[in-house]
Amino acid sequence: MSALCPVCNVTLPLPQIESHVNSHFDDDEIDPQIASDHYLALQLASDPPSTPKEAPFLDPLNKTVPFASLARSQTKSPFHRVENGGLISLLKTCLESKTKPFESNTSLLSGYVDHFQSTKEDKGWGCGWRNIQMQCSHLLSRRDQEVKRVLFGGSEFVPDIPSLQRWLELAWRSGFDVSGGLHFDKRIYGCKKWIGTTECAALLRSFGLRARVVDFAPEKSRSMYLSVPGSAVAPKRRGYGPMDRYVVRKGGSGVEKGGDSLGSSSSSRTSKGAVLMEWVWNYFSDNRLDVSSGVHITNKGPLYFQHEGHSRTIVGIQRRLQGTTFTPQYNLLILDPADASFTRGIEKALVDKRGWEGYLKRGAHTLTCPEYQMLYVDNGIAVGEELEQLKTINSLFVEF
């Protein structure tokens, strides 16, 4: 089978036509909207005709043709599937084996999460996409059927990075995170550009998911954050790079710091770590004060955890009450997408119940960055006016 290139009218075999057409759009002079429209038209031309028996794609924004085309053409992302119930189940078993009777040790975990690790193709820039994939693996495994119907057109699998890039472009064109879309010129497919929390929020919100952003920073930096009215569309929000103010540019200078620097005092770092740890504990415990000792799988999803230069996924937290004053000591439980040997390594360590702490546990002393950003997803699907409001990315500001 062959197809006609809509740009230069050359006839090529169908398997080659997509890459050929996309090569025309590498030229910056071509309008990105035209490029996108050509791609979608090509997908429709090569898609098999639908039949009345096919289930319709549930689309909260009625994006019809582009939405259905992307839902059909997306590709499932490969990953190492962990047996025995997955990583979280293995982690729960390890934590329980170390919990002794009458100790004031409590561990709170998210539900099922697959680990998506960076490969040589996305090493150095793909962490944001991999954390989106981890979020979505949880959403597809733990949430209600309504979420499964809307997310990625009801595919019920986690797409690869190029497919996620197409979904994000569609979210921008649908009006989600306007300033973020303008920063990337509404084009990210095929690009090795860093993304961050706001891009994750825009992508998930475009399906009607209630993705929430939380900023952690000093009070004197509050005016730089999304929680301030109007800041979500202010140019300063995108003044330092594609991951907002959380990423050091490749081969360039670092982002401007707001508040404390990395050289801040030990007491300042401890205070910041305590604030963030307590917030994460309250999130997983649902602000309950009567959480019993032991290991608990909660009804909370994982946290997208952004900081300067990198992002990871928090899947749980440990708390130990120490001394006669019962002072809490916390450890975050984190999946890092950066290490290409991570998944198999941690699986073996969890099965052997030896050495897994080095992969997963991170104490408050490791929280040395001046600013952090979180994302979590509330239950339910937004429609109508609430969905329109989700197009503007705002946040909760938590002072260090």
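The buried residues of helix α4 (residues 87–98) are covered by elements that include β3 (105–109), β5 (294–297), β7 (310–322), β8 (327–335), α11 (342–352) and α12 (357–360). Here buried means under 20% relative accessible area, exposed means over 50%, and partly exposed is in between (1.4 Å probe, protein chains only). Helices (H or I, at least four residues) and strands (E, at least two) are DSSP runs, numbered from the N terminus. This is a predicted model, in which local features need pLDDT of at least 70 and side-chain atom pairs count only at pLDDT 80 or more, while totals for chains, interfaces and linings use all residues. Residues are numbered from 1 along each chain as its sequence is written, and side-chain values use heavy atoms, with hydrogens and water left out.

**The chain as a whole**

- The protein chain has 13 helices and 11 strands.
- Of its 400 residues, 51% count as buried.
- Contact means heavy atoms within 4.5 Å. Among the contacts in the protein chain with a separation of 6 or more, 72% come from residues 24 or more positions apart.

**Helix α4**

- The 12 residues of α4 should span 16 Å at 1.5 Å a residue, and the end C-alpha atoms are 17 Å apart, which agrees. The expected span of a helix is 1.5 Å times one less than its number of residues.
- The buried residues of α4 are L87, I88, L90, L91, C94 and L95.
- Seen down the axis of α4, these buried residues fall within an arc of 160°, so they line one face of the helix. The arc is that of the directions from the helix axis to the C-beta atoms.

**Helix α11**

- In α11, the residues F342, T343, G345, I346, E347, A349 and L350 are buried.
- The cover over the buried residues of α11 includes α4, β8 and α12.

**Helix α7 by itself**

- The 13 residues of α7 reach 18 Å from first C-alpha to last, close to the 18 Å expected at 1.5 Å a residue.
- Because 11 of the 13 residues of α7 are buried, this helix is largely enclosed by the rest of the structure.
- The buried residues of α7 are I161, S163, L164, Q165, R166, W167, L168, E169, L170, A171 and W172.
- Just after α7, G175 has a positive phi of about 100°.

**Helix α7 and its partners**

- Helix α5 (residues 127–142) and helix α7 (residues 161–173) have axes that come within 11 Å and cross at roughly 85°. Axes are lines fitted to C-alpha atoms, for helices over the stretch in contact, and angles run from 0 to 180 degrees between N-to-C directions.
- Angles under 35 degrees count as roughly parallel, over 145 as roughly antiparallel, 65 to 115 as roughly perpendicular and the rest as oblique.
- W129, R130, I132 and Q133 of α5 make this contact with I161, L164, Q165 and L168 of α7.
- The residues of the contact of α5 with α7 divide into five nonpolar, two polar and one charged. Ala, Val, Leu, Ile, Met, Phe, Trp, Tyr, Cys and Pro count as nonpolar, Asp, Glu, Lys and Arg as charged, and the others, Gly among them, as polar.
- α7 also packs with helix α9 (residues 197–205), at an angle of about 80° and with the axes 9 Å apart.
- That angle makes α7 roughly perpendicular to α9.
- This contact joins L164, W167, L168, A171 and W172 of α7 to E199, A202 and L203 of α9.
- The residues of the contact of α7 with α9 are seven nonpolar, no polar and one charged.

**Positive phi in loops**

- Most residues other than glycine have a negative phi.
- F152 is a residue other than glycine with a positive phi, near 55°.
- F152 is found in the loop between α6 (145–150) and α7, and this residue is buried, with a relative accessible area of 0%.
- D286, also a residue other than glycine, has a positive phi near 60°.
- D286 lies in the loop between α10 (266–285) and β5, and at 45% relative accessibility D286 counts as partly exposed.

**A211 in strand β4**

- A211 lies in strand β4 (residues 209–217) and is buried, with a relative accessible area of 0%.
- A211 and D378 are 167 residues apart in sequence and 6.4 Å apart in space, C-alpha to C-alpha.
- Not counting residues up to four places away in sequence, A211 touches A201, L204, R205, L375, Y376 and V377.
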